[in-house]
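Here are my notes on the model, as numbered points. Please read them with the structure open.

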Amino acid sequence: MIAATLTACSGTSRNDGRPGTVTPAESSGGSDGWDGNIAIGVGNRKGVDLVTLPAPDQIDVQCHGEGDNLTVDITAPNGWHATLTHGSQTITVENETLNYPAHDFAESPTAIEAVNRTRPKGSTKQFPLGVTWDKPSVGAVEIQVDDDTPPHWMVNSPYEDFDMYMHISCNAK
(Lines give C-alpha, C1' and ligand atoms only; values in the text may rest on other atoms or scores of the structure.)
Protein backbone atom coordinates (compact mmCIF):
# COMPACT_ATOMS: atom_id res chain seq x y z
CA MET A 1 0.00 0.00 0.00
CA ILE A 2 2.81 2.41 0.90
CA ALA A 3 4.71 1.60 -2.32
CA ALA A 4 1.59 2.32 -4.40
CA THR A 5 1.14 5.65 -2.63
CA LEU A 6 4.78 6.62 -3.16
CA THR A 7 4.57 5.71 -6.85
CA ALA A 8 1.45 7.83 -7.31
CA CYS A 9 3.15 10.85 -5.70
CA SER A 10 6.48 10.54 -7.45
CA GLY A 11 5.43 12.33 -10.65
CA THR A 12 6.75 11.22 -14.02
CA SER A 13 8.27 7.77 -14.04
CA ARG A 14 10.84 6.61 -16.58
CA ASN A 15 8.29 4.07 -17.88
CA ASP A 16 5.59 6.52 -18.99
CA GLY A 17 7.65 8.14 -21.73
CA ARG A 18 7.82 7.56 -25.42
CA PRO A 19 11.02 7.20 -27.41
CA GLY A 20 12.50 10.20 -29.17
CA THR A 21 14.96 10.23 -32.03
CA VAL A 22 18.39 11.82 -32.02
CA THR A 23 20.51 13.16 -34.88
CA PRO A 24 23.60 15.39 -34.98
CA ALA A 25 23.06 19.07 -34.23
CA GLU A 26 23.26 21.56 -37.08
CA SER A 27 26.61 22.68 -35.68
CA SER A 28 28.41 20.01 -33.72
CA GLY A 29 31.06 22.09 -32.05
CA GLY A 30 32.89 23.53 -35.03
CA SER A 31 36.36 24.28 -33.70
CA ASP A 32 36.09 21.42 -31.17
CA GLY A 33 36.11 18.94 -34.05
CA TRP A 34 32.74 17.35 -33.31
CA ASP A 35 31.19 18.42 -36.66
CA GLY A 36 28.83 15.83 -38.05
CA ASN A 37 28.75 13.94 -34.75
CA ILE A 38 26.47 13.68 -31.76
CA ALA A 39 28.63 14.74 -28.81
CA ILE A 40 28.31 14.78 -25.02
CA GLY A 41 31.11 15.03 -22.45
CA VAL A 42 34.03 17.10 -21.22
CA GLY A 43 37.37 18.10 -22.66
CA ASN A 44 38.63 18.46 -26.19
CA ARG A 45 39.29 14.78 -26.96
CA LYS A 46 37.19 11.67 -27.42
CA GLY A 47 37.42 9.12 -24.61
CA VAL A 48 35.52 7.10 -22.04
CA ASP A 49 36.00 9.83 -19.42
CA LEU A 50 35.98 12.68 -21.95
CA VAL A 51 33.72 13.43 -24.94
CA THR A 52 31.49 10.59 -26.09
CA LEU A 53 30.61 10.56 -29.81
CA PRO A 54 27.78 8.01 -29.86
CA ALA A 55 25.79 6.77 -32.82
CA PRO A 56 22.07 7.66 -32.68
CA ASP A 57 21.12 4.08 -31.74
CA GLN A 58 23.45 4.24 -28.71
CA ILE A 59 21.38 7.00 -27.09
CA ASP A 60 18.14 6.38 -25.21
CA VAL A 61 15.81 9.38 -25.47
CA GLN A 62 12.57 9.33 -23.48
CA CYS A 63 10.02 12.10 -23.99
CA HIS A 64 7.50 12.77 -21.23
CA GLY A 65 4.46 15.02 -21.69
CA GLU A 66 3.77 17.38 -24.58
CA GLY A 67 4.00 21.07 -25.47
CA ASP A 68 4.93 23.28 -22.53
CA ASN A 69 4.96 20.19 -20.27
CA LEU A 70 7.55 18.28 -22.33
CA THR A 71 10.53 16.84 -20.47
CA VAL A 72 13.31 14.95 -22.26
CA ASP A 73 15.57 12.36 -20.59
CA ILE A 74 18.75 11.41 -22.44
CA THR A 75 21.00 8.48 -21.56
CA ALA A 76 24.25 8.17 -23.53
CA PRO A 77 27.19 5.76 -23.36
CA ASN A 78 29.93 6.12 -20.73
CA GLY A 79 27.44 7.05 -18.00
CA TRP A 80 26.04 10.35 -19.34
CA HIS A 81 22.50 11.35 -18.37
CA ALA A 82 20.83 14.67 -19.19
CA THR A 83 17.37 16.14 -18.60
CA LEU A 84 15.75 19.09 -20.38
CA THR A 85 12.46 20.84 -19.67
CA HIS A 86 10.53 22.56 -22.45
CA GLY A 87 11.35 26.23 -22.89
CA SER A 88 14.40 26.15 -20.62
CA GLN A 89 17.96 26.93 -21.70
CA THR A 90 19.20 24.77 -18.80
CA ILE A 91 20.30 21.15 -19.19
CA THR A 92 20.81 19.09 -16.03
CA VAL A 93 23.66 16.64 -16.57
CA GLU A 94 25.19 13.94 -14.41
CA ASN A 95 27.53 11.01 -14.82
CA GLU A 96 27.50 8.52 -11.95
CA THR A 97 30.22 6.44 -13.63
CA LEU A 98 32.64 9.39 -13.44
CA ASN A 99 31.31 10.65 -10.07
CA TYR A 100 29.93 13.83 -11.64
CA PRO A 101 26.86 14.82 -9.60
CA ALA A 102 23.95 16.55 -11.33
CA HIS A 103 24.82 20.06 -12.52
CA ASP A 104 22.87 22.62 -14.54
CA PHE A 105 24.49 23.83 -17.76
CA ALA A 106 23.35 26.66 -20.01
CA GLU A 107 25.03 28.56 -22.81
CA SER A 108 25.64 32.10 -21.61
CA PRO A 109 23.61 34.87 -23.27
CA THR A 110 26.92 36.68 -23.94
CA ALA A 111 28.29 33.69 -25.89
CA ILE A 112 25.04 33.32 -27.85
CA GLU A 113 25.12 37.02 -28.79
CA ALA A 114 28.81 36.86 -29.76
CA VAL A 115 28.24 33.87 -32.07
CA ASN A 116 25.18 35.51 -33.62
CA ARG A 117 27.17 38.73 -34.27
CA THR A 118 29.96 36.84 -36.02
CA ARG A 119 27.64 34.78 -38.20
CA PRO A 120 28.08 35.80 -41.84
CA LYS A 121 25.30 37.86 -43.35
CA GLY A 122 22.96 35.58 -45.29
CA SER A 123 23.97 32.52 -43.24
CA THR A 124 21.62 29.57 -43.69
CA LYS A 125 22.17 28.32 -40.15
CA GLN A 126 18.76 27.57 -38.67
CA PHE A 127 19.76 27.23 -35.02
CA PRO A 128 21.58 29.64 -32.71
CA LEU A 129 23.99 28.51 -30.01
CA GLY A 130 22.19 27.21 -26.90
CA VAL A 131 18.96 25.23 -26.64
CA THR A 132 16.27 25.84 -29.28
CA TRP A 133 12.80 24.39 -28.73
CA ASP A 134 10.04 23.53 -31.23
CA LYS A 135 12.06 24.14 -34.37
CA PRO A 136 11.56 22.91 -37.07
CA SER A 137 8.49 21.31 -35.43
CA VAL A 138 6.75 21.10 -32.06
CA GLY A 139 8.53 18.59 -29.83
CA ALA A 140 11.96 19.12 -31.40
CA VAL A 141 14.96 20.48 -29.50
CA GLU A 142 18.37 21.50 -30.86
CA ILE A 143 21.18 21.41 -28.28
CA GLN A 144 24.44 23.29 -28.92
CA VAL A 145 26.03 23.90 -25.52
CA ASP A 146 29.66 24.50 -24.54
CA ASP A 147 29.88 25.58 -20.88
CA ASP A 148 32.45 25.52 -18.04
CA THR A 149 32.39 22.42 -15.86
CA PRO A 150 31.82 22.96 -12.14
CA PRO A 151 34.88 22.88 -9.85
CA HIS A 152 33.64 19.72 -8.08
CA TRP A 153 33.82 17.70 -11.31
CA MET A 154 37.36 16.30 -11.40
CA VAL A 155 37.96 16.50 -15.17
CA ASN A 156 40.75 14.49 -16.82
CA SER A 157 41.61 17.12 -19.42
CA PRO A 158 43.27 20.54 -19.50
CA TYR A 159 40.20 21.72 -21.45
CA GLU A 160 37.40 21.57 -18.89
CA ASP A 161 34.31 22.64 -20.85
CA PHE A 162 31.18 20.50 -21.02
CA ASP A 163 29.99 19.98 -24.61
CA MET A 164 26.62 18.72 -25.78
CA TYR A 165 25.59 18.77 -29.43
CA MET A 166 22.53 16.88 -30.69
CA HIS A 167 19.06 17.34 -32.16
CA ILE A 168 16.13 15.48 -30.59
CA SER A 169 12.64 14.94 -31.93
CA CYS A 170 9.80 13.85 -29.66
CA ASN A 171 6.87 12.57 -31.68
CA ALA A 172 3.42 13.53 -30.41
CA LYS A 173 1.50 10.87 -28.47
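Which residues do ring pairs link into a cluster? The answer is in point 2, after a word on conventions.

1. Conventions. This is a predicted model, in which local features need pLDDT of at least 70, side-chain atom pairs count only at pLDDT 80 or more, and totals for chains, interfaces and linings use all residues. Residues are numbered from 1 along each chain as its sequence is written, and side-chain values use heavy atoms, with hydrogens and water left out.

2. Aromatic cluster. Trp80, Tyr100, Phe105, Trp153 and Phe162 are linked into a cluster by ring pairs. Rings of Phe, Tyr and Trp (for Trp, the six-membered ring) pair if their centres lie within 6.5 Å; planes under 30 degrees apart count as stacked, over 60 as edge-to-face and the rest as tilted. By this rule the count comes to seven aromatic pairs.

3. The tryptophan pair. The ring centres of tryptophan 80 and tryptophan 153 are 6.2 Å apart and the planes stand at 45°, so this pair is tilted. It links distant parts of the chain: tryptophan 80 is in strand β5 and tryptophan 153 in the loop between β9 and β10 (161-170), 73 residues apart. Strands (E, at least two residues) and helices (H or I, at least four) are DSSP runs, numbered from the N terminus. Tryptophan 80 is buried at a relative accessible area of 0%, and tryptophan 153 is buried at 3%. Here buried means under 20% relative accessible area, exposed over 50%, and partly exposed in between (1.4 Å probe, protein chains only).

4. The phenylalanine pair. Phenylalanine 105 and phenylalanine 162 have ring centres 4.4 Å apart and planes at 20°, so the pair is stacked. Phenylalanine 105 sits in strand β7 (residues 100-105) and phenylalanine 162 in strand β10, 57 residues apart, so this pair too links distant parts of the chain. Both phenylalanine 105 and phenylalanine 162 are buried.

5. Aspartate 147. This residue belongs to strand β9. Leaving aside neighbours within four places in sequence, aspartate 147 is in contact (heavy atoms within 4.5 Å) with Phe105, Ala106, Asp161 and Phe162. Its side chain reaches the backbone nitrogen of alanine 106 at 3.3 Å. That is a polar contact: a pair of N or O atoms within 3.5 Å, where, within protein, one must be able to donate a hydrogen and the other to accept it, and residues adjacent in sequence count only if both atoms are side-chain atoms.

6. Asparagine 95. Which backbone atom of leucine 98 lies 3.0 Å from a polar atom of the side chain of asparagine 95? It is the backbone nitrogen. A polar atom of this side chain also lies 2.9 Å from the backbone oxygen of asparagine 78. Asparagine 95 is in strand β6 (residues 91-95) and is buried, at 0% relative accessibility. Not counting residues up to four places away in sequence, asparagine 95 touches Asn78, Gly79, Trp80 and Tyr100.

7. Backbone points to check. Asparagine 78, in the loop between β4 (71-76) and β5 (80-85), has a positive phi near 65° although it is not glycine. Asparagine 78 is partly exposed, at 28% relative accessibility. Aspartate 134, in the loop between β8 and β9, is another residue other than glycine with a positive phi, about 60°. Aspartate 134 is partly exposed, at 29%. Proline 136 lies in the loop between β8 (130-133) and β9 (140-148), and the peptide bond from lysine 135 to proline 136 is cis, with omega near 10°.
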